Every structure is written in structure tokens, then in C-alpha cells.
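Dear colleague,

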Amino acid sequence: MARDDEPYDPDPDDWFSEPDVAESLREQPAATSTAETTEVDDWLDESATAAPRRRRRGGGGMSPNAQRGIVVGVVLLVLLLVGLAVGGVFSSGGKKATPPLFTISTPKTTTTGTTVTTPSGVAAPTTTLKPGDTGPQVRVLQRALVHLGYSPGTIDGQYGPSTTQAVKDFQTAHGLTADGVCGPKTIAALKNALKSG
């Protein structure tokens, strides 16, 4: 810290201790002629004091054709990279396989303890069924009737009036007694009809 009796010596790096600009302007004499003004302001006009500059050829001595060739090469390289990026060359996933337009499947014939699956994929019931029965074998009968073109109503596993009527219609069409009961002869006729159709 400076003491009061020491003279003030401003720090040259202290921006806030600049001398008062207004005082220094008052101390300089005002210019009276344009000649003096020109001498004072010469530092602003480079053309008056600077030696004429020589123009250099651009490109460090390269001909204009060589410069054009480099520019065209760079443009072509950029276009090539953009084309490859759009084409997906730089993607990490690779191309995905396109799905086939259609598939062909062949149903297999299998025999189980409860149903017989035919090549058409629809089974015939394996047990005798009558109106009032319920369960999965009734659903098998209803699906078989629907597949053969007879409407048993909703496939709900209930051997109701709609299923009874569909069984009667099937029995009549196949020369069987139309009693509405799905007995052994009706089951055999269902299996034959499902195999052929």
C-alpha cells in the first residue's frame, strides 16, 4: 500500500489509472492549417506512406486450371460421400430382408385321442354328440360344419337349436337320417367331406 507521504507512481498495467484524456487534449496546441492536420493524421492513410504492394498470383504459384481441377475434385468427392450416405453405406444396421409376398403352407394330418385333423386343417369330432351337449367336442363339430358351409350359429361349444339344424341339413345332404344327432355315421360322413373338401 502506498503511504500518504510517498509520490503516486501509476502502474502501467492498471487500466483504471489512465491519465485524464481531457487534460492531455487541452495541453496540445490546436492544428491551424490543413498541412499540419495531414501530418498528424498520416498514420490513418496507409496509401500515402506505404510502398505500393505487388500483386501475388493466387494459389502459391498454381495455374488457374490447376485450381479449377482441385475445386472440381473436391466437389466430386463431397457428392460421392453424400451419395454413399444416402445409399446407406455408412449405416450400421445393414439391409433388412424383404418379407415374401406370400407363403405356402401345407397342413399336416395328425390323429389324436380326441380329434382327427384333416389336410384342410379342420377336424371332425371323435365322440357322439346330441342336442344339449357342451364342451370342446361341440366346438370341433361347429367348426367342421362352418368349414363345409353349414351355419351352426356362434362357435360357443353349446349344442343348441342352430347347431342341431346345421347337423340336420348336413345329414339330409349326405343321405343320412336327419335326426340332428351327430352319431358314428354322421361323424364318418363329416370326416369324408372334410378330406375331400
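A nonpolar core is taken here as a set of buried Ala, Val, Leu, Ile, Met, Phe, Trp, Tyr and Cys residues joined through side-chain atoms within 4.5 Å. Buried means under 20% relative accessible area, exposed over 50%, and partly exposed in between, with a 1.4 Å probe and protein chains only.

The model is a predicted one: local features need pLDDT of at least 70, side-chain atom pairs count only at pLDDT 80 or more, and totals for chains, interfaces and linings use all residues. Residues are numbered from 1 along each chain as its sequence is written, and side-chain values use heavy atoms, with hydrogens and water left out.

Overall picture

The chain holds seven helices and three strands, in the order α-α-α-α-β-β-β-α-α-α along the sequence. Helices (H or I, at least four residues) and strands (E, at least two) are DSSP runs, numbered from the N terminus. Of its 197 residues, 19% count as buried. The accessible surface, from the Shrake-Rupley method with a 1.4 Å probe, comes to about 15700 Å², and 58% of this belongs to carbon and sulfur atoms. With contact meaning heavy atoms within 4.5 Å, 31% of the contacts between residues at least 6 apart in sequence join residues at least 24 apart.

The core

The largest nonpolar core has 18 residues, and those touching the most other members are Leu129, Leu141, Leu145, Tyr159, Phe170, Cys182 and Leu190. Helices H5, H6 (161–173) and H7 (184–196) each supply at least two residues of this core, and H7 gives the most, with five. In soluble globular proteins, nonpolar side chains tend to be buried together.

Helix H5 and its surroundings

H5 covers residues 136–147, twelve in number, and reaches 17 Å from its first C-alpha to its last, close to the 16 Å expected at 1.5 Å a residue; the expected span is 1.5 Å times one less than the number of residues. Its buried residues are Gln137, Val138, Val140, Leu141, Gln142, Ala144 and Leu145. Gln137 has a relative accessible area of 15%, and its side chain reaches the backbone nitrogen of Thr126 at 3.0 Å. Leaving aside neighbours within four places in sequence, Leu145 is in contact with Tyr150, Pro152, Thr163, Ala166, Val167, Phe170 and Leu190. Just after H5, Gly149 takes a positive phi of about 100 degrees.

The aromatic pair

Rings of Phe, Tyr and Trp (its six-membered ring) pair if their centres lie within 6.5 Å; planes under 30 degrees apart count as stacked, over 60 as edge-to-face and the rest as tilted. By this rule there is one aromatic pair. The ring centres of Tyr150 and Phe170 are 5.7 Å apart and the planes stand at 90 degrees, so the pair is edge-to-face. Because Tyr150 lies in the loop between H5 and H6 and Phe170 in helix H6, the pair ties together parts that are 20 residues apart in sequence. Tyr150 counts as buried at 18% relative accessibility, and Phe170 does so at 1%.

Two residues of helix H7

Thr186 lies in helix H7 and is buried, with a relative accessible area of 5%. Neighbours within four places in sequence aside, Thr186 is in contact with Val167, Phe170, Gln171, Leu176 and Val181. Lys185, also placed in H7, is exposed at 67%. Lys185 and Gln171 are 14 residues apart in sequence and 9.3 Å apart in space, C-alpha to C-alpha.

With kind regards

Notes:
Polar contact = N/O pair within 3.5 Å; in protein donor to acceptor, adjacent residues only side chain to side chain.
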